[in-house]
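Hello,

Here is the structure I promised to pass on to you. Have a look at it first, and then read on for what turned up in it.

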Amino acid sequence: MTVSVVLADDEPLILKGLGKLIAWEEYGMNIVGYAHDGLELLAAIETYQPDIIISDISMPHLSGIDIIKDINQRQLPIKVVFISAYQEFSYARDAVAFGAVDYLVKPIKKSEFEAVIAKTLSLIHEEGEQDKRKNKLNLLERKNHDNEMGAWLEQLAEGALSQQSEGYQCLTNMLYGSSYSIVMITIDPIGNDNERWPMETRKLVEFSIHNIVQEILTAYGQGYSYVKNEKYVVVLSHDSTEEPIRLATVIKDNIANYLKLKVSVGVGDPVMELKQLKMSREQAEQALDMTYFAGLNRVILYHKQEQRKDSEGTWFTLQLKIIQSLTGGSWEDTLGTMELLLSVIESATIGNRQLAVSTCFSSLLYIVQEVKKSDVPMSDSGFDIQHLQGRLGTYNTYEDMCGGIYDLLQELSNRIGDQQGNKEQTLIARVVSYIENHYMEDISLESVAAVAFMNPYYFSSFFKKHMKHNFKQYVTDLRMRQAIVLLKHTDMMVYEIAEKVGYNNARHFSDMFKKQIGKLPQEFKNSHRS
């Protein structure tokens, strides 16, 4: 850090001599201004806010004593060194009592001047270190306080904090509204790329979201927050029943505006006593679970879900209609009936994601098996029902899963009455299109086989038969071609290109690139530019 200096003296020759007396830059110092009297020195202080003032003690308009008194009154962090004539010696000595670092008697000797400069810099450094230590202690104290508060809040929300404990009494004093609610926030699994974040990024995001939440609580409400299992739990104290909803909306919007992250927020019902907060926390969790059915990136209020009980007969009837329309070649009837079936399944499993997935799988399994038993001509091509349940479980919302089910039905419909050769060409074209649209992701043989509804082992030979390359090599070649384009035509860094073409590890990407192309990515980029 460069130390700024202002020099002041009413004699121009002395002022000029001070500027050349030592090599200021070698001391890490920079002369930012000059003053020829006391008023000019005050103006220089305002303009430059220097770290050090080296000034004649007796100048027109204002004396050195006037200057240092003003600095003390305003509590400015400025070190002052005075220069005095011999007859002003006692005057300069008095100035030290007001806080001057030291004084020098004219004519000034270089060695004495350097000694005073070294002393002054040492004081600045020492005080800087003290400030750093103080800041660290304050930060540690605040962090320990936040950790303690977070632990108490977590115990309170889990129903494990005794009413006789210090923590319960402290929270009672700090959360003094007429009712209490839990708001729970989670980062959405899609649209944020958070699954690929390194640990440092996760910690930074956690810190940033926590700060945003606390700033909002300070500005708009009364409450505190803590983090558990990557969920941000906010304990609110409020008088109005609309307050939790309003704050939840502000939190969601501010996270989107400042961090460009999509989050979902669950809001539990208000309770009248702190000891009942566990119930609101459980409700907030249940509200968050409803994102699967209600959709992501929204505020969801808790309400008790009533699952439809009289569904089995309706399921069976709709399944039979789907089988009849499929084997009869009526795609519109198939689609319309499946929409009804999925709506019935949703109302029967609402609030229970696992039950929704398993119920949809059971219905699809029955439909596929019955279609295969029918007398209609159908190309098989390794249709893989075994991995279907796992694939249905990967969708983040019920709506997305329904889209996957419609795709499967379309695939099943296409197979009915189709010729094997034509079907295989259509299927391989769909697979290639999928790879080209997703090569930058962490795709695998298994994941692409699931898209084709095939067993991975069958899919591997099927792919090589049609593409003349095995799956892994095909994806690698595609990624390398895209990397070459980016290296030639963009200024992106190598690690950015690695991520862009599907490699989480830049070193692995560089090794693969050299193996395929014969040069490291940076070498290739440099040679192309040459």
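Pro 107 sits in the loop between β5 (102–105) and α5 (110–157). The peptide bond that joins Lys 106 to Pro 107 is cis, with omega at about -5°. Please keep in mind as you read that this is a predicted model.

Gln 49, in the loop between α2 and β3 (52–56), has a phi near 45°, which is a positive value in a residue other than glycine. Gln 49 is exposed, because its relative accessible area is 62% and the cut-off for exposed is over 50%. Asn 229 is found in the loop between β7 (222–228) and β8 (231–238). Its phi is near 55°, again positive in a residue that is not glycine, and Asn 229 is exposed with 67% relative accessible area. As background, most residues other than glycine have a negative phi, and most peptide bonds are trans.

Now to the helices. Helix α2 (residues 38–48) and helix α3 (residues 64–74) have axes that come within 11 Å and cross at roughly 30°. Angles under 35 degrees count as roughly parallel, so α2 and α3 are roughly parallel to each other. Their crossing is right-handed. On the α2 side the residues that meet α3 are Gly 38, Leu 41, Leu 42, Ile 45 and Glu 46, and on the α3 side they are Ile 67, Asp 70, Ile 71 and Arg 74. Sorted by class, this contact has 5 nonpolar, 1 polar and 3 charged residues.

Asp 37 is in the loop between β2 (29–35) and α2. Is Asp 37 buried or exposed? Asp 37 counts as buried, because its relative accessibility is 13% and the cut-off for buried is under 20%. Leaving aside neighbours within four places in sequence, Asp 37 is in contact with Met 59, Pro 60 and His 61. For a sense of scale, Asp 37 and Cys 170 are 133 residues apart in sequence and 58 Å apart in space, C-alpha to C-alpha.

The other helix pair to look at is helix α7 (residues 199–220) with helix α8 (residues 243–259), whose axes come within 10 Å and cross at roughly 135°. That angle makes α7 and α8 oblique to each other, and the crossing of α7 and α8 is right-handed. From α7, the contact takes in Ser 208, Ile 209, Ile 212, Val 213, Ile 216, Leu 217 and Tyr 220. From α8, the residues include Glu 243, Arg 246, Leu 247, Val 250, Asn 254 and Tyr 258. The contact of α7 with α8 divides into 12 nonpolar, 2 polar and 2 charged residues.

Gly 159 lies in the loop between α5 and α6 (166–174), and at 51% relative accessibility Gly 159 counts as exposed. Gly 159 and Gly 403 are 244 residues apart in sequence and 41 Å apart in space, C-alpha to C-alpha.

Next come the nonpolar cores. Which residues have the most contacts inside the largest nonpolar core? They are Leu 326, Met 338, Leu 392, Tyr 398, Met 401 and Ile 405, in a core of 36 residues. At least two residues of this core come from each of α10 (291–294), α11 (312–327), α12 (331–349), α13 (353–373), α14 (388–392) and α15 (398–415). The helix that gives the most to this core is α13, with 8 residues. Apart from neighbours within four places in sequence, Ile 405 is in contact with Met 338, Leu 342, Cys 360, Leu 364 and Leu 392.

There is also a second, separate core of 31 residues, and among them are Tyr 439, Ala 449, Phe 462 and Leu 487.

Last, please look at Val 448 in helix α17 (residues 445–451). Val 448 is buried, with a relative accessible area of 0%. Setting aside neighbours within four places in sequence, Val 448 is in contact with Val 431, Tyr 434, Ile 435, Ile 443, Phe 459 and Phe 471. Val 448 and Ile 367 are 81 residues apart in sequence and 23 Å apart in space, C-alpha to C-alpha.

Best wishes

Definitions and conventions
Residues numbered from 1 in each chain as written. Predicted model: local features only at pLDDT ≥ 70, side-chain atom pairs only at ≥ 80, totals over all residues. Heavy atoms only, no water. Core = buried A, V, L, I, M, F, W, Y, C linked by side-chain atoms within 4.5 Å. Buried < 20%, exposed > 50% of the residue type's maximum accessible area, 1.4 Å probe, protein only. Helix = DSSP H or I, 4+ residues; strand = E, 2+ residues; numbered from the N terminus. Contact = heavy atoms within 4.5 Å. Axes fitted to C-alpha atoms, helices over the stretch in contact; angles between N-to-C directions. Parallel < 35°, antiparallel > 145°, perpendicular 65-115°, else oblique. Left-handed = near helix turned anticlockwise from the far one by under 90°. Nonpolar A, V, L, I, M, F, W, Y, C, P; charged D, E, K, R; others polar.
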